[in-house]
Amino acid sequence: MKKITRLTFAPLALSLTVAASGQALAEDHHAGPTIYGNLTAGALNVSDRDLDAWAFKAQLGLGGLYTVNDGLRIRYDLVADFANAINSVDFPKTWTRGSHRQDDEEIHVTTARVLLLTDYGSLGFQPRVPSAFWAQLYHNVNKFEYNQMHGQTGQNAIFGQNELASDVISYGTPKFGSFQFIGAVMTTNEYSNQDFDVYTGRLIYDQGPLNFGVGHTQVRRPGINNLHRTTFGIGYDFGLVQLGGVYEHNDDRENSSSAANFDAWGVNVSANLTDNWSASLTYAENDKNLNLDNDVVAGIVRYHFNEDVYAFVEAATYDKTDDNWAVGISVNF
């Protein structure tokens with residue numbers, strides 16, 4: 001029988017309680033709960049490892065929106081990822097979405113959050129959530145099903161920033177023009193004698209074909225007492241072609257020779273080849289110490305059957321670590 005972490009049950013019980021209590025409210029005050037998900041499955045081949053049927057993503061979510069009054073709405077989301085319970089993960093050679101530690105056969109909650117949406121901004125209580133920092137600043141090069149290169153991808157990690165975050169309290173300002181500022185604090189170590197171990201903030205611009213953002217994060221975690229990460233991302237949509245790039249500077253102020261003290265960057269070109277075909281090509285590299293530097297060229301071609309279903313072929317070649325290729329189908333529902 002598959003193991004299920006304790007984190008799976010607590011948010012699930014909470015969401016069911018919220019959904020049940022919603023029946024007592026007027027129907028027009030509660031949009032939801034809505035069930036949604038994604039299954040992306042196919043084949044993965046990593047050098048020196050046998051070809052394997054692979055679940056690149058296997059997510060099921062529940063979400064809704066309460067309108068309390070004209071000035072307050074409450075958004076809730078609960079999403080579980082089953083990919084790690086499906087795959088035979090060989091960390092760090094392979095990785096799967098949804099796990100902080102690659103524990104075989106565990107179902108992982110990737111999202112458990114409540115957002116208070118007001119005219120004065122949004123306040124989020126998020127025990128587990130995909131990193132909006134990663135999504136907003138790195139999305140111009142994050143175009144792949146498998147070769148995503150964030151800090152939780154095992155040997156594929158080019159950047160230091162993680163895709164998933166835990167114990168997050170966030171605040172986002174209302175948009176001023178096309179700008180928005182978002183700040184957050186995180187508790188990653190409950191016994192560090194300080195309430196917050198991570199402080200982060202970012203300024204985002206997104207208007208028309210141009211998007212860019214700059215962000216800074218200060219991290220204290222076991223083994224690293226004072227890591228500062230600064231990121232700048234930019235993208236421009238020319239219509240048929242989209243260009244993007246990201247630069248990340250990691251400054252370990254306690255130990256400049258550590259593997260955590262490095263620069264990384266990436267550039268991407270994507271194209272809408274026809275109404276059905278699209279493609280992306282990325283080059284990224286880092287200059288990690290201790291002979292851990294790496295670079296990658298990754299490409300993907302997708303055939304879109306409709307807005308919710310597409311097929312893909314993906315391949316990547318790395319300088320220091322294992323090359324790979326993948327094929328599959330992605331279905332949103």
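The legends below describe close-up views of a predicted model. Residues are numbered from 1 along each chain as its sequence is written, and side-chain values use heavy atoms, with hydrogens and water left out. Local features need pLDDT of at least 70 and side-chain atom pairs count only at pLDDT 80 or more, whereas totals for chains, interfaces and linings use all residues.

**View 1. The second largest pocket and its lining.** The second largest pocket holds about 430 Å³ of space. A pocket is an open set of points on a 1 Å grid over the protein atoms alone, where a 1.4 Å probe fits, with protein on both sides within 12 Å along at least five of seven lines; lining residues have an atom within 4 Å of a point. The volume is the space filled by probe spheres set on the points, which are joined across faces, edges and corners. Of the 21 lining residues, Lys-57, Gln-59, Arg-97, Pro-130 and Glu-163 lie nearest the centre. Two or more lining residues come from each of β3 (52–69), β4 (72–81), β5 (106–118), β6 (121–130) and α3 (132–138); helices (H or I, at least four residues) and strands (E, at least two) are DSSP runs, numbered from the N terminus.

**View 2. The salt bridge between Arg-97 and Glu-163.** The closest N and O atoms of this pair are 3.6 Å apart; a salt bridge is a side-chain nitrogen of Lys or Arg within 4 Å of a carboxyl oxygen of Asp or Glu. Arg-97 lies in the loop between α2 and β5 and Glu-163 in the loop between α3 and β7 (164–172), so the pair ties together parts 66 residues apart in sequence. Arg-97 and Glu-163 are both buried, where buried means under 20% relative accessible area, exposed over 50%, and partly exposed in between (1.4 Å probe, protein chains only).

**View 3. The salt bridge between Lys-93 and Asp-322.** The N to O distance in this pair is 2.6 Å. Lys-93 stands in the loop between α2 (83–86) and β5, and Asp-322 in the loop between β16 (309–318) and β17 (324–332), 229 residues apart. Asp-322 is buried, with a relative accessible area of 14%.

**View 4. A network of salt bridges linking Arg-49, Asp-52 and Asp-90.** The side chains of Asp-52 and Arg-49 meet at 3.6 Å, N to O. Asp-52 is partly exposed, at 22% relative accessible area, whereas Arg-49 is buried, at 15%. The whole structure contains 10 salt bridges.
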